[in-house]
Amino acid sequence: MISSKPILFSAIQPTGNITIGNYIGTMRHWSILQNNYDCFYCIADLHSLTTLENNFFLKKSILDTLSFYLACGVNPEKSVVFVQSHVYQHSQLNWILNCYTQFSELFRMTQFKKKRKTKHDHIEKINVGLFNYPVLMASDILLYQTNFVPVGSDQKQHIELTRNIANRFNSLYSSDVFTIPKPLINQYGCKIMSLLEPNKKMSKSDINKNNVIFLLDDISSVNLKIKQSITDSDKSCKIYYDRKKKPGISNLLEILSAISNKDIDVLSRELEGIMYAEFKNIVSDAISKFLCKLQKSYINYRRDESFLKKIAYEGAIKARLKSEKTLQKVQSKLDFFSIF
Ligand code: AQP
């Protein structure tokens, strides 16, 4: 790929069904971004090993995830679409960067603290990969000399860490081996919350599936989930955006705004005087319409496994070419292979 456009890297873990939170926080921007950036869209299967259950089928999940990438408008002619484990440079740089990251830095990561809590703080049940995840994420980003990383706000801290590791390495070796990446985080939609607990982030791994809208949910279950979703207990029953006072309504407003491409302010004006039940109907209709269209396109791609494999194969070749250049720069700074 020859270009002078800034470089953008984004990834999703194939840990199961993608959620509307993943879509709104990142994937919905991908098709537009590929017009102005050289985009690397990665399926982060190595990351998913940190949380996989024994009965999980990685091959299926990778192909599912890839089909969603395409259904969201990612064009493999414009962007590099690849599977992380097909590009060995990620694991290689990961080890090296481990040695430039402090234990205390990883211990401060809030995502690790939260995931650790779900294991009831039993340290013996937590694999080292889960602790180490942000260093692999830093390697993913830095290998491509990435300028921008579109993420939900939950990943902001990991991008900060990536910047710190890159700056540390660059200054230790008085070099500019790594480009320092910046996060791209939208004001709205960067943290879609759970439907029944609007103070908690919506996550694929939530054990309560009523908290989450999955991109593969059938329409009747979407309607039910939205109907059951928590609204707010203030007496006025007004529809307006205020994350603190009205977390449930604000969350539904953010979802509606993202999938209908309308500003929150415009929506709030349009919805003035409407009761909560009617508002929920509007939201579930909009989500249903959106999901129907997306799922149709997803199914078309998902049917053609040989096409999907071809995309992953060609994407891996392009990703290896780009990432190898960075890895070689790092290896040369460290005097690897200098005996030859
Ligand atoms: N609720 C969310 N709102 C907005 N953006 C979100 N993202 C995740 N949840 C939300 C963004 O989606 C991208 C991919 O996330 P990931 O697959 O790397 O893992 P994650 O951030 O840990 O997402 P989940 O859904 O919470 O997965 P599990 O349950 O497996 O941990 C990221 O850019 C993320 O910010």
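Trainee: Which elements do the buried residues of α13 pack against?

Mentor: This is a predicted model. Helix α13 covers residues 305-333, and among its buried residues are Leu 308, Ile 311 and Val 330. The partners of these buried residues are α3 (58-71), β3 (80-83), α4 (89-98), α7 (128-142), α8 (156-172) and α12 (276-303).

Trainee: What distance separates the end C-alpha atoms of helix α13?

Mentor: Helix α13 has 29 residues, and at 1.5 Å a residue they should span 42 Å.

Trainee: What is the radius of gyration of the chain?

Mentor: The chain has 340 residues, so a compact globule would have a radius near 20 Å. The value for the chain agrees with this: 21 Å.

Trainee: What share of the contacts in the chain with a separation of 6 or more comes from residues 24 or more positions apart?

Mentor: The chain contains 13 helices and five strands. Of the contacts with a separation of 6 or more, the share from residues 24 or more positions apart is 75%.

Trainee: How far apart are the mean positions of the positive and negative charges?

Mentor: The chain carries 46 positive and 31 negative charges.

Terms used: Residues numbered from 1 in each chain as written. Predicted model: local features only at pLDDT ≥ 70, side-chain atom pairs only at ≥ 80, totals over all residues. Heavy atoms only, no water. Helix = DSSP H or I, 4+ residues; strand = E, 2+ residues; numbered from the N terminus. Rg over C-alpha atoms; globule rule 2.2 N^0.38 Å. Contact = heavy atoms within 4.5 Å. Lys, Arg positive; Asp, Glu negative; His and termini not counted. Charge placed at Lys NZ, Arg CZ, Asp CG, Glu CD. Expected span 1.5 Å × (residues − 1). Buried < 20%, exposed > 50% of the residue type's maximum accessible area, 1.4 Å probe, protein only.
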